[in-house]
Amino acid sequence: MASFCLLRSCYVVRQDSHGLSAMLRRRYSLNISAELLRTESFIGGKWVSTPSTFPVLDPATGKKIANVSDCGPHEARDAVSAAYKAFYSWKEQTAKERSVLLRKWFDLLIQHKDDLAKLITAECGKPMKESLGEIAYSASFLEWFSEEAPRVYGDVVPTNTKDRRIILLKQPVGVASIITPWNFPSAMITRKVAAALAAGCTVVVKPAEDTPLSALALAELSAQAGIPAGVFNVVPCSRESTPAVGEILCTDPMVGKVSFTGSTATGKILLKHAAGTVKRVSMELGGHAPFIVFDSADIDKAVAGAMASKFRNSGQTCVCSNRFLVQSGIHDQFVEKLGKAMDTELHLGHGSDPTTTQGPLINVRAAEKVEHQITDAVSQGATVLRGGKRLEGSFMQPTLLANVTTNMLCTREETFGPLLPVIKFNTEEEALLMANASNVGLAGYFYSKDIDQIWRVAEQLEVGMVGVNEGLISTSVATFGGVKQSGLGREGSKYGIDEYLEIKYMCFGGLTS
């Protein structure tokens, strides 16, 4: 098989003044299968170039990986038209036929998992172990919804008259616009697309401008799986072109559904666009997850959960814990053990280095945001117990803060980086007030061995997902979604397919006994 060798000059994170992020100078190369390194848009089953391109950069080095087609309104409309045309044949395929194709797509992801993981590490920066985990997670949605496709059941409803029969049918909504973020460039696509295709919808995917290569690799494998032309389309575009393309995908009359994962601010803009033609929408928006440790908790398990929840993908997930609330009775012991765990388990570096557990942030702007939150917290009295420094490029030291208060910026807005602020509390009521004092509610976590307390807190946390004595909760078999301004709808689980279905009521009258 032909391969594309992505050679780069030396990657290095230079040693800071305390020697906490020292890295050896090394040369890295990534061998990626040529068939999976696609750089053109995928419209109507064809690879389509555009007059202009935009660069995709390695966030660890800032060096260019590839130039990718920069789609605009013209390509977006073409993709919607292709999806609309394909919809009328795709929805007529039996659920079993769609299921078989989704399963073939799943098999191809597993077959090419190493190359797909390398692409994620190259454009997103996460360590290879995490990238391989994402591919498994991404593939799991194709497998799950391939099995759900034949289980889209309607209802026969008992009537109150003898001459009628009532049937409720479930039918696909039509073309779905899928707009996805950079932090899970494969899984955020399949979580939406697998449900849509299983329901009988067709899709147009607009991947994040930072990470389009994973989306285009998925397109290549969809074609190899035999998914018909026009059913799965991908329109990558630059940051400059995104507003115009996004508007087309949310306003075109041929689009029946919009599904978006990203910031709450952007979600509100897309909701306004979609409102003009009253489209169905799913929104998985920002989070600000609390992580509560009660006095009764198993401290070692709580530390392990905190490490997993906070530092996965260098803190760049929407369900990452953002505010750590620790009860006064075990506060000092928890913070001490957490600091030691950070010292031994976190290793900065390029994602392709097998020793790396913490890669770069996605870009310099992301690092600047974390740096600003640390500066703000310290200016108001917070103590830096670990890290605290901005390093080369978009690298940030994993940072542990104590003496944090709710007035500090890091407790009032989502961080999306490796910053762990600890707030001491005294009572359960106090912790719940702080945890729920947010206009978003995606995920929340807490550790306790008190059964009564577990039920009370789980029911009172104002979030869509709760981890009880568990820091990693995402799975294809359970619902994913939030409350408040964290979004609308649910993804994954048996309920995820409902987001792409309409219920039609059929009254069959004039019957005789």
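Reply: Let's start with α2 and α5, which pack at an angle of about 155° with their axes 9 Å apart. That makes α2 roughly antiparallel to α5 (under 35 degrees counts as roughly parallel, over 145 as roughly antiparallel, 65 to 115 as roughly perpendicular, and the rest as oblique). The axes are lines fitted to C-alpha atoms, for helices over the stretch in contact, and the angles run from 0 to 180 degrees between N-to-C directions. The names come from DSSP runs numbered from the N terminus, with helices (H or I) of at least four residues and strands (E) of at least two.

Before going on, a word on the source: this is a predicted model, in which local features need pLDDT of at least 70 and side-chain atom pairs count only at pLDDT 80 or more, while totals for chains, interfaces and linings use all residues. Residues are numbered from 1 along each chain as its sequence is written, and side-chain values use heavy atoms, with hydrogens and water left out.

Back to the pair: α2 passes α5 in a right-handed crossing (right-handed if the near helix is turned clockwise from the far one by less than a right angle, left-handed if anticlockwise). From α2, the residues Arg98, Leu102 and Trp105 meet Val193, Ala194, Leu197, Ala198 and Ala199 of α5, where contact means heavy atoms within 4.5 Å. Sorted by class, this contact has 7 nonpolar, no polar and 1 charged residues (Ala, Val, Leu, Ile, Met, Phe, Trp, Tyr, Cys and Pro count as nonpolar, Asp, Glu, Lys and Arg as charged, and the others, Gly among them, as polar).

Helix α2 has another partner to look at. Helix α2 covers residues 95-111 and α4 covers residues 128-148, and these two pack at an angle of about 165° with their axes 8 Å apart. α2 and α4 are therefore roughly antiparallel to each other, and their crossing is left-handed. On the α2 side the contact takes in Ser99, Leu102, Arg103, Trp105, Phe106, Leu109 and Ile110, and on the α4 side Ile135, Ser138, Ala139, Leu142, Glu143, Phe145, Ser146 and Glu147. These residues divide into 9 nonpolar, 3 polar and 3 charged. You will find Leu102 and Trp105 in the list for α4 and in the list for α5.

Now let's follow some single residues. Glutamate 97 also lies in helix α2, and at 41% relative accessibility it counts as partly exposed (buried means under 20% relative accessible area, exposed over 50%, partly exposed in between, with a 1.4 Å probe and protein chains only). The side chain of glutamate 97 reaches the backbone nitrogen of threonine 94 at 2.9 Å.

Alanine 225 belongs to helix α6, residues 212-225. Alanine 225 touches Leu101, Lys104, Trp105 and Leu108, leaving aside residues up to four places away in sequence. With 4% relative accessibility, alanine 225 counts as buried. Its C-alpha atom is 28 Å from that of serine 352, 127 residues away along the chain.

Not counting residues up to four places away in sequence, serine 186 touches Ile120, Glu134, Ile135, Ser138, Ser214 and Leu218. Serine 186 counts as buried, at 2% relative accessibility.

Note on methods: A polar contact is a pair of N or O atoms within 3.5 Å; within protein, one must be able to donate a hydrogen and the other to accept it, and residues adjacent in sequence count only if both atoms are side-chain atoms.
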